[in-house]
Amino acid sequence: MLGKPWRDDWRETLGPAWPALVAFFIVCLFVGGFTMPLSDADLPMHLALGEWIVRHRAVPFVEPFAWTRAGEPFFAYSWGPEVVYYAALSAFGPSGLHALHGLVLACAGVAVGLLGAAARWTGWTTLLVGALHIVIGVGVVPTLRPQGVLLVVIPLAWVAAMRLRDGDGSLRWAAALLGCATIAANSHLFFPLTAAPGVVLLTRSPVSWRRVVIAGCAILGGWLLSPYGLHWTDVFR
């Protein structure tokens, strides 16, 4: 089973129409996300910060709004999604925000599919894990919030780590791991979760410490590729 190409296994387990089944699953995720209400209480704040960042072409380090905290430290650690939210609202109105949420859920499903292919899971296992991933993710992030980005980049980080472990174009997958860590670090304070996939590099015997170092440097480098990269201690404090 481990040596069989994942496409052949998915064809056997899901049937010859497996691409249509997977596509239907992804479309359902998009529609489900699109139809969810924009009810998060923090969304106005994210939009206001996105507008501030776009207009000032910088991220804030000092309280930008509240006169009661004038001069106090302030870190918009979710600045990446906030800028995207503001741009989508400005260009397409509320429908743009609905579409963004649908896109996040659809991309989360695709990310789990890529993980299933990398891990050589069966088709049904991949669909089951994808469904659980979305159910748990929506339970934690029920509407449009920056944390939703992690539903996409965390599975992709696992994919990159597995490919790096297996030696499939080491530099390419190290770059992918760097990209996942960078996106996470500019989206939410849970970005340290992108370090977890590094454990797969220890599962191959003998351990390639060179690849471990490459992965560690890629993850750490991604964390530092943020306007707050040199200020994470202050941000977490």
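Tutor: Start with Arg120, in the loop between α5 (94-119) and α6 (123-140). Keep in mind that this is a predicted model.

Student: What makes the phi of Arg120 worth a look?

Tutor: Phi of Arg120 is near 60°, a positive value in a residue other than glycine. Most residues other than glycine have a negative phi.

Student: And why is Arg120 called partly exposed?

Tutor: Its relative accessibility is 35%. Buried would need under 20% and exposed over 50%, so Arg120 counts as partly exposed.

Student: Where does Arg57 sit, and what is its phi?

Tutor: Arg57 is in the loop between α3 (43-56) and α4 (79-92). Its phi is positive too, about 55°, although Arg57 is not a glycine.

Student: How do you know whether Arg57 is buried or exposed?

Tutor: Arg57 has 79% relative accessibility. The cut-off for exposed is over 50%, so Arg57 counts as exposed.

Student: What makes the peptide bond from Ser205 to Pro206 cis or trans?

Tutor: Look at omega: it is near 0°, and the bond is cis. Most peptide bonds are trans. Pro206 lies in the loop between α8 (170-185) and α9 (209-224).

Student: Which residues form the nonpolar patch on the surface?

Tutor: Val27, Phe30, Val31, Phe34 and Leu103, with about 400 Å² of accessible area together. To join a patch, a residue needs over 30% relative accessible area.

Student: Which helix gives the patch its largest share?

Tutor: Helix α2 (residues 18-35), with four residues. Val27 is found in that helix.

Conventions:
Residues numbered from 1 in each chain as written. Predicted model: local features only at pLDDT ≥ 70, side-chain atom pairs only at ≥ 80, totals over all residues. Heavy atoms only, no water. Helix = DSSP H or I, 4+ residues; strand = E, 2+ residues; numbered from the N terminus. Buried < 20%, exposed > 50% of the residue type's maximum accessible area, 1.4 Å probe, protein only. Patch = residues over 30% accessible without salt bridge, like charges linked within 9 Å, V, L, I, M, F, W, Y side chains within 5 Å. Areas by Shrake-Rupley, 256 points an atom, 1.4 Å probe, with all protein chains shown as cover. Salt bridge = Lys/Arg side-chain N within 4 Å of Asp/Glu carboxyl O.
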